[in-house]
Amino acid sequence: MMNARTGGPTARLPRPDLLDLLGRSRDFALTLLLAPAGSGKSTLLGQWAQLEPRQQARLSLNRRDSDPLHFLQRLNDCLRQVLPDFVPLSCNALSAGLDQADLLAASLVDSLAACPDDLYLLIDDFHYASAPLVQAIFARLLEDLPEHVHLVLSSRNHPGFSLSRLKLEDRLLVLDGHDLRLPVEQLPALCETLQVPPLNEAETGELMRITEGWLAGIRLALMARSRTGRFMPEEFHGGQPELVDYFANVVLAELPPEEREFLLATAIFERFDPALCATLPGLSDTGARLEGLLQKGLFLQPIEEHPGWFRYHPLLQHVLQARLRQETPDRLAELHLAAARHFAGLGDEESALFHARRAGRPDAYPDYLRRACEHWLRQGKLISILKYLEDQDPALVRRDPGLFLPQLAALIFSRRFEQARLCLDEIRHCRDCGDCPQQIPDTLNYMARMLTLFQNDDELWHDDQAFRTEALPFHDLRDSAVALAARHHMLNGHCEDAIRLAGQARLLLSQIGHDYLGSFADVIQILAERELGHILAARQMTQDFWDRYSNRARTPTWVNAGACMVVSLYEQNRVTEARELGEALIQHVDSACATEIVFHVYVTLARLQYIAGHHSRSAQLLLQLRRILRHGRYRRLLNQLLAEELAQALRSGQPNAIKGIAAEYDLPAAVTQGLWAQPRQDYREDWVYGGIAAALYLRSRKQYDRALEVLQALDATLTRTEMKTRRVVVDANRIVILHLRGQSDAAMQGVVELFARVGLQCAIRTVFDEAPGFGELLRQAHDQGLIRLPDIYLQLYANVLYPPVTAAPVATHTPEALTAKELEVLELVRQGLANKEISRELNISLSTTKWHLKNIFAKLQVGNRTSAMAAVSRAESGHRL
């Protein structure tokens with residue numbers, strides 16, 4: 001007998017021979033369970049996982065994991081559950097395609113190498129992870145898999161990567177369909193588990209001959225025999241299809257009509273519970289029907305992660321669906337349409353589309369697709385829009401505004417600019433543009449302007465007429481233009497206008513349920529308030545923002561609200577809370593997120609990891625962000641990142657790294673050209689952050705006079721704008737350089753004047769990190785009685801103003817911080833080998849070698865091979881001493 005609690009009869013059938021064989025996986029890099037459906041792979045894997053005491057990360061895949069973004073996000077979640085310090089794979093880089101496989105695999109290797117104990121990564125139904133990018137990542141991963149990490153994959157199909165090298169190196173264990181066959185001596189135990197009469201010798205021999213030990217076929221035959229009282233082997237000749245036909249013709253025929261109808265109708269679902277079944281027309285008392293079938297053990301399998309939900313064995317589901325198509329094709333369409341309506345009402349658009357497609361009605365699927373695209377755009381699920389529209393006939397999409405407008409918006413917002421440009425050109429050349437041809441050209445012109453803004457992020461719109469949208473018939477586009485206008489004003493330094501327009505946009509977008517762009521308006525409003533110096537107001541707005549969306553985990557609106565919240569917590573020095581939230585966010589920052597969101601999440605988490613002493617992790621995050629930004633035209637954000645990397649190098653006391661960082665961004669040439677010799681009449685964010693980076697670079701070279709000249713030019717420009725917080729950072733850097741220059745009295749006077757002008761706005765965590773050394777000067781001014789910091793502030797920022805006396809953080813930048821593979825690479829660098837020679841020596845790809853070198857330089861806080869060797873020599877000398 002089977003019930004929901006036991007998990008099915010075959011789950012209790014002991015297979016000690018297979019469990020022993022699977023236990024050998026500890027000696028192999030990859031263990032592959034490769035067998036057809038119904039061979040017991042999942043059951044075996046579950047039994048072994050319960051017996052294996054070592055650390056495990058287990059992931060069961062489904063059809064949605066064919067999308068690489070979905071798969072990698074689930075893999076991140078899975079590994080984070082067992083590895084608290086796991087560095088999530090950067091899903092933001094997926095739009096770059098297969099060229100990211102090396103980098104993603106290398107990042108995964110680094111994180112797994114940091115695990116101190118044996119780790120098993122178990123992935124069931126790996127055949128669903130069919131995307132070329134995912135297959136390429138696992139191929140690269142297996143090249144450099146740490147010895148204490150073991151992959152166990154179950155699949156119906158051979159993986160999409162070669163196993164030859166693993167076989168030659170004796171790093172592969174394969175359990176195939178032959179291994180998983182049921183031995184004849186275990187047949188009595190299966191009969192007992194299924195509570196069916198045992199077979200005689202002749203029946204046993206015939207059954208094993210026909211089924212060849214295939215577990216699903218044996219089980220089908222035994223259960224059919226238990227119902228008819230007869231064993232008719234002649235019915236099973238011809239292989240698996242005949243077994244399935246026998247089950248359908250004998251077993252289904254023996255069921256009461258209401259149970260047979262329940263089986264046929266619910267076979268359209270991949271998974272179901274009584275409530276879902278009740279939504280189908282013609283079904284009643286679904287709970288009782290389900291319980292009756294459970295008692296009969298008809299291949300209903302409980303879903304472990306969703307108690308109360310079930311699925312059919314794939315073979316049974318195939319039979320049931322075939323019977324439904326043959327007997328009542330109109331009924332099949334009716335059931336699928338009912339399911340589509342139900343899931344659409346729940347907001348589960350993917351399931352609605354799944355059933356609408358299978359209804360086979362020509363008008364049904366396009367209608368559901370339009371509604372889904374509109375819903376996804378309002379939620380910010382841009383990847384879903386693009387994935388589903390890519391499967392449609394391009395000519396049909398280009399003629400339907402309900403499809404091509406969401407597609408254009410998704411391409412632009414997810415930074416796929418070349419595709420967006422091509423799509424826009426194709427639509428413009430289409431003669432028939434749908435139901436409102438007179439209004440389409442104005443709409444396309446607006447989309448072209450939006451594309452220009454997002455693609456050329458450094459070329460700000462200076463013409464407010466660009467935002468006029470009176471001719472647009474689509475509310476989503478009209479109201480989103482107000483949010484984009486707010487962003488335009490903020491980037492031009494007009495914070496008051498940005499706040500006003502963002503408030504209008506929030507109201508308009510909330511009225512039409514456009515949460516995604518509405519939350520973007522929230523972000524703009526909070527950033528503008530913060531730049532105006534209204535820190536407390538920005539914090540309260542952030543808290544309200546987070547309260548609205550904190551219960552919508554993993555959605556784009558949750559990411560937007562969380563990005564603001566993590567910055568707010570960090571600025572309040574609530575570093576533990578901020579780091580936990582940042583780690584949750586980083587797993588869901590993808591190409592659908594606004595670039596500002598991506599930037600702030602990565603940079604803030606990098607700072608928080610640095611504060612926690614995880615310096616190599618912090619450097620890794622900044623390197624990942626640099627790669628992401630260099631896929632687009634984001635000079636202003638790259639200049640912010642440059643300033644961040646230089647500030648971190650100064651904070652860590654590693655000035656040698658600054659030369660390499662500056663060279664990577666061509667900063668010395670820009671300084672030589674005198675880009676910051678004079679103030680600007682207009683505000684340009686890239687120019688301001690580039691100037692801050694230049695001042696930090698000159699400071700590291702002790703060229704204090706030139707650094708002060710740059711900062712004075714920045715201050716003169718910022719004085720004419722509303723960017724008050726940015727000016728505080730510039731002033732704080734100026735005060736630190738005065739102190740370094742030996743003008744301590746002038747520096748203290750600068751602290752007093754700055755504090756008198758902005759109060760505690762100059763004493764938030766951001767200022768301390770972007771102006772290294774300013775926190776110490778602020779503390780000195782307080783200790784000397786020049787300023788008065790409130791007691792509550794002193795308590796909150798005690799670890800910044802009065803840090804515990806510890807040794808300099810040299811150990812984190814020594815070879816001990818490197819992984820085993822990085823140490824191998826470093827040794828070959830010491831021997832003078834070039835990158836290609838290192839790749840050949842270690843049997844890794846050239847891009848993987850380069851990735852390891854970048855990590856080595858980041859961890860050692862150096863910029864090149866020579867500096868790395870010098871750092872190693874210093875570390876070795878220190879150990880000898």
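Let me start with a definition: a residue is buried if its relative accessible area is under 20%, exposed if over 50%, and partly exposed in between, using a 1.4 Å probe and protein chains only. By that rule both Trp376 and Tyr388 are buried.

Before going on, a word on what we have here. This is a predicted model, in which local features need pLDDT of at least 70 and side-chain atom pairs count only at pLDDT 80 or more, while totals for chains, interfaces and linings use all residues. Residues are numbered from 1 along each chain as its sequence is written, and side-chain values use heavy atoms, with hydrogens and water left out.

Back to our two rings. Rings of Phe, Tyr and Trp (for Trp, the six-membered ring) pair if their centres lie within 6.5 Å, and planes under 30 degrees apart are stacked, over 60 edge-to-face, and the rest tilted. The count comes to twelve aromatic pairs. One of them is Trp376 with Tyr388, a tilted pair at 5.2 Å centre to centre, with 40° between the planes. Trp376 sits in helix H18 (residues 364–379) and Tyr388 in helix H19 (residues 382–390), so the pair ties together parts twelve residues apart in sequence. Helices, by the way, are DSSP runs of H or I with at least four residues, numbered from the N terminus.

There is also an aromatic cluster, made of Phe768, Phe774, Tyr793 and Tyr797. That brings us to the cores. A nonpolar core is a set of buried Ala, Val, Leu, Ile, Met, Phe, Trp, Tyr and Cys residues joined through side-chain atoms within 4.5 Å. The largest one has 200 residues, and Leu667, Phe774 and Leu778 have the most contacts inside it. Taking contact as heavy atoms within 4.5 Å, what does Leu778 touch, beyond residues up to four places away in sequence? Its partners are Val751, Cys762, Ala763, Phe768, Ile787, Leu789, Tyr793 and Leu801. A second, separate core has 42 residues, including Ala57, Ile137, Leu142 and Leu166.

Now helix H33, residues 656–664. Its buried residues are Ala657, Ile658, Gly660, Ile661 and Ala662, and these pack against H32, helix H34 (667–672) and H35. After H33 comes Asp666, with a positive phi near 60°.

A cavity is a set of points, on a 1 Å grid over the protein atoms alone, where a 1.4 Å probe fits but cannot get out; lining residues have an atom within 4 Å of a point. Points are joined across faces, edges and corners, and volume is the space filled by probe spheres set on them. How many cavities of 30 Å³ or more does the structure hold? There are eight.

Arg181 is partly exposed, at 35% relative accessibility. Arg181 and Gly213 are 32 residues apart in sequence, yet 4.4 Å apart in space, C-alpha to C-alpha.

Key: 1 Å grid on protein atoms, 1.4 Å probe; cavity = no way out; pocket = protein on both sides within 12 Å on 5 of 7 lines; lining within 4 Å. Helix = DSSP H or I, 4+ residues; strand = E, 2+ residues; numbered from the N terminus. Contact = heavy atoms within 4.5 Å.
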